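Biologist: I would like to go through the side-chain and sheet geometry of this model. Shall we take the points one at a time?

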Amino acid sequence: MNPALSQLGTEMSRLSGVRAIMKDIIETLRAGAGQTFINLSAGNPVILPEVEQLWRDCTIELLASPEYGDVVCRYGASQGYQPLIDAIVQDFNQRYGLKLSDRNILITPGSQSLYFYAANAFGGYTASGELRKIVLPLSPDYTGYGGVTLTPEALIAYKPELEIDHDNHRFKYRPNFSQLQIDEHTGCVIFSRPCNPTGNVLSNDEVNKITSLAAIHDVPVLIDSAYAPPFPALNFTEMSPMFGGNVVHCMSLSKAGLPGERIGIAIGEPEIIHSLECFQTNLCIHSPRYGQAIAARAIQSGQLADISVNTIRPFYQRKIAIVEETLDRTMPRSLPWFLHRGEGAIFAWLWLEDLPITDWEFYQELKKVGVIVVPGSTFFPGLQEDWQHKQQCLRISLTGTDIELQTAMERLAQVAQQVYGS
């Protein structure tokens, strides 16, 4: 059967961005004919024994509790499982000195769904035919933002400024406020902090500038905090989460060990939360309740915040240190390579300036020596400008073993020397 797709069906079915890369990676692994690959492409977090045990213990508590039947055998409220909402309100009020009520919270099936709700509730065409833009203020950013809108022409990203430390082969992206436009034609703003794919953490001043520009026009700002404190706390530099006003603090428990349960959390003003909840009600009624029930226990007990700081964060900090040390040791200082400052998340981001070939071609060369990464050009959704930099970057997952990361970076250095030399 070959059913005819609507315009929307065609748009949502297209193989683009990181999906195309992942398809190629799967085919490469299947056709490897015994070749061993170091696969540093995955966004899946490593299963850490202490983290897995926390979720096992919470599951045992749920199974033994009288609420088990109510959790899994009944529908719930669209807003979310009330004990989880209560646990979040109590934790954040105590931790950050807030005055949240349950009206400030929405639980969704993963944070990706949050951006889908917001992009289509606030962005796209209005009833009068005006196009409201979905603004990504700092590109590159999470590739998933490229698929959240039902109105592709509404998505717009802005080229950053590059802060380069030539002596130490490091760099950092900064928002270009001379170019950034947030005005009466903006529907919402979205960015990740810490950033997937670069590990960038926008400063408090940068975040305040963005939110202030948006507040002038009553524009919601969704801050994707999937790697932020208090859980999973995958920030390697000091940072303060932002709340209140037009900010929607968007969290995920995926990198805290629950990617399979799809739990997203939005914290914002009741009016914004209500709009997002209405979207969710029509789409899927409510988020699955089993994951919410065990998450409520982990948050209420304080164990999730503790294990994030003392187990999850140190694990990935050690991984980024291995990548940095190995590249510093093996990459020729004469080559124009620059590693983005590792300020958070579970990826390293490498820029190969003046690369003689494209990032896709460099990815293919790496596969020949048994290393798989992700070409960086997939992480510039919404950026219309033709910019050579987009074809000069690689995302490297920190989910390999210590030996795998070291070996892969050594092989990458060898390929870089060959490519630049030729």
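Modeller: This is a predicted model. We can begin with a charge and a ring.

Biologist: Over the ring of which residue does the charged end of Lys 209 sit?

Modeller: The charged end of Lys 209 lies 5.1 Å from the ring centre in question. A charge counts as over a ring within 6 Å of the centre, provided that it is also within 35 degrees of the ring normal. The ring under Lys 209 belongs to Phe 177.

Biologist: Is Glu 206 buried or exposed?

Modeller: Glu 206 is part of helix α7, residues 204-215. Beyond its neighbours within four places in sequence, Glu 206 contacts Arg 174, Pro 175 and Phe 177. Its relative accessibility is 10%, and the limit for this class is under 20%, so Glu 206 is buried.

Biologist: Arg 395 lies over the face of Phe 347; at what distance from the ring centre?

Modeller: The 6 Å limit for a charge over a ring applies here too. For Arg 395 and the ring centre of Phe 347, the distance is 3.8 Å.

Biologist: In the open sheet of 6 strands, which strands stand at the edges?

Modeller: The strand order is β6-β7-β12-β13-β16-β15, with mixed pairing. An edge strand has a single partner, so one of its sides is left without a neighbour in the sheet. That applies to β6 (161-165) and β15 (374-375).

Biologist: What is the bridge partner of Ile 164 in β7?

Modeller: Strands β6 and β7 (residues 170-174) are antiparallel and share 5 bridges. Within β7, Ile 164 is bridged to Phe 171.

Biologist: Helix α12 packs on the sheet; what angle does its direction make with that of β16?

Modeller: Helix α12 covers residues 402-421 and touches β13 and β16 (393-397). Its direction and that of β16 make an angle of about 165 degrees.

Biologist: How are the rings of Tyr 115 and Tyr 145 arranged?

Modeller: Tyr 115 is in helix α6 (residues 111-122) and Tyr 145 in the loop between β4 (131-136) and β5 (155-157), so the pair ties together parts 30 residues apart in sequence. Both residues are buried. The centres are 5.6 Å apart and the planes lie at 85 degrees, over the 60 needed, so the pair is edge-to-face.

Biologist: What class of pair do Trp 349 and Phe 379 form?

Modeller: Trp 349 is in strand β13 and Phe 379 in the loop between β15 and β16. Trp 349 is buried at 0% relative accessible area, and Phe 379 is buried, also at 0%. With centres 5.9 Å apart and planes at 90 degrees, the pair is edge-to-face.

Notes. Residues are numbered from 1 along each chain as its sequence is written. This is a predicted model: local features need pLDDT of at least 70, side-chain atom pairs count only at pLDDT 80 or more; totals for chains, interfaces and linings use all residues. Side-chain values use heavy atoms; hydrogens and water are left out. Two strands pair if DSSP finds at least two bridges between them. Helices (H or I, at least four residues) and strands (E, at least two) are DSSP runs, numbered from the N terminus. Contact means heavy atoms within 4.5 Å. Axes are lines fitted to C-alpha atoms, for helices over the stretch in contact, and angles run from 0 to 180 degrees between N-to-C directions. Buried means under 20% relative accessible area, exposed over 50%, partly exposed in between (1.4 Å probe, protein chains only). Rings of Phe, Tyr and Trp (its six-membered ring) pair if their centres lie within 6.5 Å; planes under 30 degrees apart count as stacked, over 60 as edge-to-face and the rest as tilted.
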